[in-house]
Amino acid sequence: MPEFWLVAIPATSKIRHWTRPVKLGYGHPMAERKFLGEVYGLATPDDTRQFYDSWAESYDSEVSENGYATPARVAEALARHASSKEIELLDFGCGTGLSGLALLRAGFTNIDGADLSADMLKGAAEKQVYRRLWQVDAGSPVPSSYAAIAAIGVIGSGAAPAEVFDAIFESLRPGTLFAFSFNDHTLADPEYESRLHAKTANGSGRLLFQEYGPHLPGLDMKSNVYVIEKT
Ligand SMILES: C[S@@+](CC[C@H](N)C(=O)[O-])C[C@H]1O[C@@H](n2cnc3c(N)ncnc32)[C@H](O)[C@@H]1O
């Protein structure tokens, strides 16, 4: 098993007593692969699934140590606009379940989850916040039975393509809600927000909430959180 060593060699005499080598065992956070620096370049659904399968074990710790704030922001925004906390709610792209936990903390009680990555779904199952969990193929139809769908950190650069926005929106029945986020990388590509603007412009969607705020403060990244109603 590989071992990683960090040897501090201070430049000044004041801190020369720090020169003792510090052994970082395998599994130490500083010795682990970091995925956040790689995620925004994924190209195909297969690349995306394999990438998240590899990330699943360390995903929670890596995003949490960077202050992952978007799930709570989306969950609270949805809670403000939902007719009840007992609605049937799908956490689409639920990953390891951090978004489901945020939805539960916001008061929702009937949450199902779906994701592309089987290994991310294992983490979601361990959190015990979902009634049902299942694996989806990229491009497979989104169920039309839900009163609200959340896609938290899912659509955009580093995860699902813009077509997934339309697939979720088309699955919704009139009066139901779609709560989602676009991070800074996604906002930089007009392809994503233009899909939302097209729905509000043609009257098929009504924007109930939009707020720009913290996403991964540890990386100085922000996101827009939205809630739209299918009209
Ligand atoms: C950044 S993670 C967010 C996970 C979770 N919602 C959260 O807030 O922690 C993105 C998730 O989207 C999933 N994903 C990417 N493309 C997808 C697609 N086309 N359909 C369903 N899930 C997808 C990935 O497997 C991954 O679990």
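Student: Where is Asp 220 found?
Tutor: The model is a predicted one. In it, E8 and E9 form a hairpin with four residues between the strands, and Asp 220 takes a positive phi there. Asp 220 is found in the loop between E8 and E9.

Student: What is the phi of Asp 220, given that it is not a glycine?
Tutor: Asp 220 has 10 C-beta neighbours inside 10 Å, so it counts as exposed. Its phi is positive although the residue is not a glycine, with a value of about 60°.

Student: Is Gln 128 buried or exposed?
Tutor: Gln 128 also has a positive phi, near 55°, in a residue other than glycine. Its place is in the loop between helix H4 (118-127) and strand E5 (133-135). Because Gln 128 has 10 C-beta neighbours inside 10 Å, it counts as exposed.

Student: How many bridges join E8 to E9?
Tutor: The two strands run antiparallel. Within the pairing, Gln 210 stands opposite Tyr 226 in E9. The number of bridges joining E8 to E9 is 10.

Student: Why are the buried residues of H5 on the same side of the helix?
Tutor: The buried residues of helix H5 (residues 163-171) are Val 164, Phe 165, Ile 168 and Phe 169. They lie on the same side of H5 because the arc they cover around the axis is only 135°. As a general point, an α-helix has 3.6 residues a turn, so residues three or four places apart point the same way. The packing partners of the buried residues of H5 include helix H7 (190-201) and strands E3 (88-92), E6 (148-151) and E7 (177-183).

Student: How many of the eight residues of H3 are buried?
Tutor: The buried residues of H3 are Leu 98, Ser 99, Gly 100, Leu 101, Ala 102 and Leu 103. They pack against H1, H2, E3, strand E4 (110-115), H4 and E6. H3 is largely enclosed by the rest of the structure, because the buried residues among its eight number six.

Student: Which residue with a positive phi follows H3?
Tutor: The phi in question is near 110°. The residue that follows H3 with this value is Gly 107.

Student: How far apart in space are Glu 76 and Ala 106, C-alpha to C-alpha?
Tutor: Glu 76 lies in helix H2 (residues 70-81). It counts as partly exposed because it has 18 C-beta neighbours inside 10 Å. Glu 76 and Ala 106 are 30 residues apart in sequence, but their C-alpha distance is 5.8 Å.

Student: Is Leu 121 buried or exposed?
Tutor: Leu 121 is found in helix H4. Leaving aside neighbours within four places in sequence, its contacts are Asp 115, Leu 133 and Gln 135. Ala 56 is 65 residues from Leu 121 in sequence and 8.5 Å from it, C-alpha to C-alpha. Because 25 other C-beta atoms lie within 10 Å of it, Leu 121 is buried.

Student: How many residues are in the largest nonpolar core?
Tutor: In soluble globular proteins, nonpolar side chains tend to be buried together. In this core, the residues with the most contacts are Leu 78, Ile 149, Ala 150, Ile 155 and Ala 179. Not counting residues up to four places away in sequence, Ala 150 touches several residues, among them Leu 78, Leu 103 and Ala 179. The residue count of the largest nonpolar core is 57.

Student: Which helix gives the most residues to the shell around the ligand?
Tutor: Of the 21 residues around the ligand, Gly 93, Gly 95, Ser 99, Ser 117 and Ala 160 come nearest. Two or more residues of this shell come from each of helix H1 (45-65) and helix H3 (98-105). The shell divides into 14 nonpolar, six polar and one charged residue. The element that gives the most, with three residues, is H1.

Student: What percentage of the residues of the protein count as buried?
Tutor: The protein has seven helices and nine strands. Of the contacts with a separation of 6 or more, 66% are between residues 24 or more positions apart. Of the 231 residues, the share that counts as buried is 37%.

Definitions and conventions. Residues are numbered from 1 along each chain as its sequence is written. This is a predicted model: local features need pLDDT of at least 70, side-chain atom pairs count only at pLDDT 80 or more; totals for chains, interfaces and linings use all residues. A residue is near a molecule or strand if its C-beta atom, placed from the backbone, lies within 6 Å of it. Ala, Val, Leu, Ile, Met, Phe, Trp, Tyr, Cys and Pro count as nonpolar, Asp, Glu, Lys and Arg as charged, and the others, Gly among them, as polar. A residue is buried if 20 or more other C-beta atoms lie within 10 Å of its own, exposed if 12 or fewer, and partly exposed in between; C-beta atoms are placed from the backbone. The arc is that of the directions from the helix axis to the C-beta atoms. Two residues are in contact if their C-beta atoms, placed from the backbone, lie within 7 Å. A nonpolar core is a set of buried Ala, Val, Leu, Ile, Met, Phe, Trp, Tyr and Cys residues joined through C-beta atoms within 7 Å. Two strands pair if DSSP finds at least two bridges between them.
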